[in-house]
Amino acid sequence: MKEGRPIEVLLVEDDQGDILLTREAFELNKVRNRLHVVNDGEQAMAFLRQEDGYADVPRPDLVLLDLNLPRMSGLEVLAEVKADAALRTIPVVVLTTSEAEEDILHSYRLHANAYVTKPVDFEQFIRVVRQIDNFFVTVVKLPIPGNRL
């Protein structure tokens, strides 16, 4: 595995069970990356824009985004992120329970970097998080933080 700086991961999720599973997956996989969690779409946008109590948070290198969120849906968050020149280079992985073809197509039309259906089985969930981490940390070259050409 390529050694480098830990990446900042923003998990946008309102289900406490899925948050716990994701945290456990990071711990079990010995993931060095830092996981930040917000519970709705409006908090996600505030975090990403470093506003409203999030002024001192790091810019995420990767966003794991649920679609079914209160206050602002995941699709609305995805549309805003990809329409914002300062944010659009951040990879967004839709991580959701929805297997609806409409959600998949809509996510990719909004330029999601990947669409992953959450497994209900704990071991499978751990494997999925590990694969996402391995791909975005060891395979993909991410932009350098602060480099916003």
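Predicted model: local features only at pLDDT ≥ 70, side-chain atom pairs only at ≥ 80, totals over all residues.
**View 1. The aromatic pair of Phe47 and Tyr54.** The rings of Phe47 and Tyr54 form a tilted pair. Their centres lie 5.5 Å apart, and the planes make an angle of 55 degrees. Phe47 has a relative accessibility of 3% and therefore counts as buried.

**View 2. The five-stranded sheet.** The strands are arranged in the order S2-S1-S3-S4-S5 and form an open sheet with parallel pairing. Strand S2 (34-38) and strand S5 (114-117) are at the edges. Each of these two has a single partner strand, so one side of each is left without a neighbour in the sheet. On average, and with direction ignored, neighbouring strands are turned by 20 degrees against each other.

**View 3. Pairing of S1 with S2, and the helices on the sheet.** Five bridges link S1 and S2 in the parallel sense. Within this pairing, Glu8 stands opposite Arg34 of S2. Helix H1, residues 16-28, lies across S1 and S2 and runs at about 175 degrees to S2. Helix H5, residues 122-139, also packs on the sheet, where it touches S3, S4 and S5. The direction of H5 makes about 175 degrees with that of S4.

**View 4. The nonpolar core around Val63.** The largest nonpolar core has 25 residues, and those with the most contacts inside it are Val12, Leu48, Val63 and Leu65. At least two core residues come from each of strand S1 (8-12), helix H2 (41-49), strand S3 (62-65), helix H3 (74-83) and strand S4 (92-96). Beyond its neighbours within four places in sequence, Val63 is in contact with Leu10, Val12 and Leu48, and also with Ile90, Pro91, Val92 and Val93. In soluble globular proteins, nonpolar side chains tend to be buried together.

View 5. Five of the five residues of S4 are buried, so the strand is largely enclosed by the rest of the structure.

View 6. S3 and S4 run parallel and are joined by three bridges. Leu64 has Val93 of S4 as its bridge partner. Together, S3, H3 and S4 make a β-α-β unit that is right-handed. S4 and S5 also run parallel, and four bridges join them. Thr96 has Thr117 of S5 as its bridge partner. From S4 the chain passes through helix H4, residues 101-109, to S5 in a right-handed β-α-β crossover.

View 7. Glu13 belongs to the loop between S1 and H1. Is Glu13 buried or exposed? With a relative accessible area of 3%, Glu13 is buried. Neighbours within four places in sequence aside, the contacts of Glu13 are Asp18, Ile19, Val38, Asn39, Asp66, Leu69 and Lys118. The C-alpha atoms of Glu13 and Leu67 are 8.5 Å apart, while the two residues are separated by 54 residues in sequence.

View 8. Asp52 is not a glycine, yet it has a positive phi of about 50 degrees. Asp52 lies in the loop between H2 and S3 and is exposed, with a relative accessible area of 66%. His111, likewise not a glycine, has a positive phi of about 75 degrees. His111 is in the loop that links H4 and S5. The relative accessible area of His111 is 54%, and this residue is exposed.

Technical notes. Residues numbered from 1 in each chain as written. Heavy atoms only, no water. Core = buried A, V, L, I, M, F, W, Y, C linked by side-chain atoms within 4.5 Å. Buried < 20%, exposed > 50% of the residue type's maximum accessible area, 1.4 Å probe, protein only. Contact = heavy atoms within 4.5 Å. Pairing = 2+ DSSP bridges. Axes fitted to C-alpha atoms, helices over the stretch in contact; angles between N-to-C directions. Phe/Tyr/Trp six-rings, centres within 6.5 Å; stacked < 30°, edge-to-face > 60°. Right-handed = clockwise from strand over helix to strand, strands pointing away.
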